[in-house]
Number of protein chains: 2
Amino acid sequence: MKRYLNPDVSKWKTISRRPSFDFKEIEPIVLEVFEAIKNEGDSAVLNYTSTFDKVSLKSIKVLDIEIDNAIEKVSHELKNSILLAKENIEKFHSAQATKPIYVDTVEGVSCWQEKRPIEKVGIYIPGGTAVLFSSILMLAIPAKIAKCDQVILCTPPNKDGTISPAVAYAAKICGITQIFRVGGIQAIASMTFGTESIPKVYKIFGPGNQYVTVAKQIASLNHVAIDLPAGPSELLIVADSSAKPEFVASDLLSQAEHGIDSQVILVTTYEPLMDQVEKEILKQLNELPRKSIVTKSMKNSKMILFNEDVDAISFINEYGPEHYIICVSNEDIYLKSVKNAGSVFVGNYTPESAGDYASGTNHTLPTNGYAKQYSGVNLDSFLKSITFQKITKAGIRRIGPSIEIMANEEGLQAHKNAVSLRLKDLS
Amino acid sequence: MKRYLNPDVSKWKTISRRPSFDFKEIEPIVLEVFEAIKNEGDSAVLNYTSTFDKVSLKSIKVLDIEIDNAIEKVSHELKNSILLAKENIEKFHSAQATKPIYVDTVEGVSCWQEKRPIEKVGIYIPGGTAVLFSSILMLAIPAKIAKCDQVILCTPPNKDGTISPAVAYAAKICGITQIFRVGGIQAIASMTFGTESIPKVYKIFGPGNQYVTVAKQIASLNHVAIDLPAGPSELLIVADSSAKPEFVASDLLSQAEHGIDSQVILVTTYEPLMDQVEKEILKQLNELPRKSIVTKSMKNSKMILFNEDVDAISFINEYGPEHYIICVSNEDIYLKSVKNAGSVFVGNYTPESAGDYASGTNHTLPTNGYAKQYSGVNLDSFLKSITFQKITKAGIRRIGPSIEIMANEEGLQAHKNAVSLRLKDLS
């Protein structure tokens with residue numbers, strides 16, 4: 001890991017830079033797939049699945065019997081673990097429900113705000129190096145709490161055309177009844193336009209590689225909303241002498257194993273920690289099956305010393321980490337000053353992987369500095385807030401004249417007239 | 001206005017189609033301006049302002065003295081009207097504030113969610129056929145309630161390089177201290193990348209024409225969030241015999257005057273209303289200064305009869321109107337069934353222009369069917385929600401084993417190890 005000692009603020013932007021990829025390089029193939037699926041539907045889905053996934057599908061939709069058969073392969077132990085995670089995620093996301101807001105801004109002018117579910121949502125779960133069934137829990141549970149009418153799931157098929165048992169189980173207990181064995185760009189395009197088999201949705205959620213990321217961005221220009229502009233996973237830990245180097249190393253490694261483009265950062269106010277953690281990393285690394293990925297992603301990773309808390313805090317907010325672990329004796333100061341972060345983990349016994357699976361918080365979070373302007377997925381991600389107003393005769397008498405004056409000033413006489421006619425009717 | 005009598009559901013998609021423009025046609029010039037401003041900053045801003053706005057600027061930032069001088073030109077009457085609007089908007093948006101949510105999902109596992117302001121936001125206010133100072137209130141007031149650190153405003157200069165007095169006044173009372181006389185694509189590009197004069201922001205808000213719409217979409221691919229994918233304004237009214245044709249006509253005309261691409265729709269369960277409203281439209285139209293715009297936009301507009309409420313309701317939710325006026329005797333049925341709409345106006349004395357200016361609700365709303373997946377601008381548009389978790393030794397003992405099992409199943413051994421090391425340490 002590259003080290004920086006009290007870097008000057010002028011260097012923070014460079015230090016904060018994430019491993020990037022070339023959108024433009026990937027865009028042409030994404031546009032090609034989108035165009036084909038828009039025009040040819042299922043037949044294009046089958047073609048691209050054959051080309052990209054090397055799987056020749058007999059059907060796109062996974063049958064109920066297949067789901068039930070797959071679930072039989074899930075161990076009792078894993079089922080119980082998934083159920084525990086589900087319960088915690090449900091508790092935390094149910095608590096995020098808000099009540100309608102009613103305000104009489106002026107006597108006779110009632111305004112209110114209510115939330116309504118997004119009717120049709122699509123969840124994408126990638127295959128590849130790890131099939132992240134946990135993301136189904138993170139997306140389907142709040143979708144169900146929000147009461148979205150239709151929640152569909154796309155996930156790439158295994159080489160034999162089946163889907164992962166754990167995916168089938170997680171989907172089943174979350175009440176997802178429509179699963180499609182389609183991955184990558186073709187999955188995102190299918191949910192954007194709809195095909196004979198796959199329904200069009202209004203919002204697409206879920207992680208993915210660079211192709212999926214670009215596909216979601218193109219989807220967002222085609223009348224579909226997306227959860228977040230996703231990017232490689234990342235973790236920033238701030239730690240001092242109260243932290244355990246062994247734990248810090250294990251957390252850094254846990255994010256580094258996601259992919260070769262993952263980035264992990266250690267910020268410390270205690271210089272000896274750098275050597276201690278580095279030593280632990282080398283020790284633990286050898287035990288990891290994904291050692292080759294971790295070794296590569298650790299090259300994107302940094303250790304930064306700041307003598308002063310205030311500088312550490314400013315840098316962290318400038319970085320805006322997706323995952324942010326706080327392991328310092330003066331944790332309150334750090335907690336109060338969190339401005340930009342996806343999810344925050346506090347103390348020695350709160351590993352980042354707890355939030356990935358089972359604490360109850362959501363693991364779909366803003367990466368690449370997007371924590372500066374985006375929330376992670378939460379209950380509201382599946383809702384829209386709609387405003388209402390009802391004005392009485394007395395109410396329009398009170399605010400009508402002001403509306404007339406402002407509409408007139410903006411040169412919008414028809415806007416003014418809609419009020420004038422009513423005031424005239426009342427006089 | 002084109003008429004449809006009980007159209008079959010198969011035709012709803014076509015009827016719901018909005019006037020569209022070609023993104024691809026506008027994209028090249030937007031990309032050119034973005035590239036130039038990214039590389040050349042202020043000098044490119046000055047060049048494009050000269051080319052597009054035919055104004056040769058001496059300075060980009062509006063001086064305090066200029067703001068104060070402009071404000072002197074605002075009438076007392078207009079000031080009071082703006083202050084009334086400000087008060088109502090403040091009341092309604094302040095009421096939208098939420099408290100942090102704390103949940104112990106399991107004993108020893110504390111999860112919480114807190115909101116934090118987006119630190120830097122940019123507001124764009126177009127010039128052109130009408131200078132909409134009211135949009136400043138709609139965007140700057142919630143930004144201030146949210147406690148955004150930096151709120152900047154870009155608006156195109158008048159031919160003599162000045163800005164509109166009402167804009168200066170609205171900005172001043174909302175506490176905006178940084179105003180830049182820059183419009184169109186160059187304003188959006190400047191806020192996206194930052195220039196010597198104009199700070200980079202994290203999220204861009206505000207209305208605009210097709211060039212601004214495409215520029216905001218390009219901005220959203222360049223690490224900036226945007227409020228909404230904007231489009232031409234639109235209104236749908238559902239009315240029966242309890243509605244006053246005169247009022248209905250005035251509301252339809254008020255949205256139709258925004259631009260030639262505006263769209264207004266009348267849905268009714270009472271056939272005679274169609275003739276009555278058409279007659280009123282022809283009568284009122286002649287009095288309107290923006291008659292030529294209205295005449296053109298009325299060509300995009302439709303009257304639709306449904307014999308059954310249930311069909312009217314389904315169609316309206318399929319359409320997903322930006323503004324939705326409900327003027328029927330059985331308004332409760334319609335209110336309960338609102339699934340997709342930006343803002344809803346109830347009853348004969350609630351003209352849409354009330355929400356544009358002074359009722360207190362926000363007028364920055366999803367158009368073009370985006371009400372299916374987007375909220376209008378509200379207090380949360382200026383906030384991010386961040387999750388936190390703190391786990392005790394007892395807590396990690398409780399959920400740790402489940403995390404290990406799930407991480408193992410996903411093939412993420414380093415995730416598992418972060419928990420295993422802690423459990424080992426505790427045993």
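**Exercise 1. Into which domains is chain A divided?**

Solution. The model is predicted: local features need pLDDT of at least 70, side-chain atom pairs count only at pLDDT 80 or more, and totals for chains, interfaces and linings use all residues. Residues are numbered from 1 along each chain as its sequence is written, chains are lettered from A and ligands numbered from 1 in the order in which they are written, and side-chain values use heavy atoms, with hydrogens and water left out.

Step 1. Chain A is divided into domain 1 (23–99 + 116–226), domain 2 (231–375) and domain 3 (393–426). These bounds come from an automatic or database domain assignment.

Step 2. Between the C-alpha centres of domain 1 and domain 3 of chain A there are 50 Å.

Step 3. Along the principal axes, the C-alpha atoms of chain A fill a box of roughly 85 × 60 × 45 Å.

**Exercise 2. Find how many helices and strands chain A has, and what percentage of its residues are buried.**

Solution. Step 1. Chain A holds 17 helices and 14 strands. Both are DSSP runs numbered from the N terminus (helices: H or I, at least four residues; strands: E, at least two).

Step 2. Of the 427 residues of chain A, 63% are buried. Buried means under 20% relative accessible area, exposed over 50%, and partly exposed in between (1.4 Å probe, protein chains only).

Step 3. Among contacts in chain A with a separation of 6 or more, 75% join residues 24 or more positions apart. A contact means heavy atoms within 4.5 Å.

**Exercise 3. Which residues of helix H13 of chain A are buried, and against which elements do they pack?**

Solution. Step 1. Helix H13 of chain A covers residues 309–319, and its buried residues are A:Ala312, A:Ile313, A:Phe315, A:Ile316, A:Asn317 and A:Tyr319.

Step 2. An α-helix has 3.6 residues a turn, so residues three or four places apart point the same way.

Step 3. In chain A, the buried residues of H13 pack against helices H1 (12–15) and H14 (331–336), and against strands E9 (234–239), E10 (263–268), E11 (302–305) and E12 (323–327).

Step 4. Just after H13 of chain A comes A:Gly320, with a positive phi of about 65°.

**Exercise 4. Locate A:Lys61 and list its contacts.**

Solution. Step 1. A:Lys61 sits in the loop between helix H3 (42–53) and helix H4 (64–71) of chain A. Its relative accessibility is 37%, so A:Lys61 counts as partly exposed.

Step 2. Neighbours within four places in sequence are left aside; A:Lys61 then contacts A:Glu66, A:Thr177, A:Gln178, A:Ile179, A:Phe180 and A:Arg181.

Step 3. A:Phe180 is 119 residues from A:Lys61 along the chain, yet their C-alpha atoms are separated by 4.5 Å.

**Exercise 5. Is B:Lys54 buried or exposed?**

Solution. Step 1. B:Lys54 belongs to the loop between helix H3 (42–53) and helix H4 (64–72) of chain B. Its phi is near 55°, a positive value in a residue other than glycine.

Step 2. With a relative accessible area of 62%, B:Lys54 is exposed.

**Exercise 6. What rotation superposes chain B on chain A?**

Solution. Step 1. Two copies of a chain are related by a rotation about an axis and a shift along it.

Step 2. Here the rotation is 180° with 0.0 Å of shift along its axis (RMSD 0.0 Å). This is the relation of a two-fold axis. The superposition is by least squares on the C-alpha atoms of residues with pLDDT of at least 70 in both copies.

Step 3. B:Thr98 comes closest to the rotation axis among the residues of chain B, at 4.1 Å (C-alpha).

Step 4. The copies meet through the same surface, because 100% of the interface residues of chain B are also interface residues in chain A.
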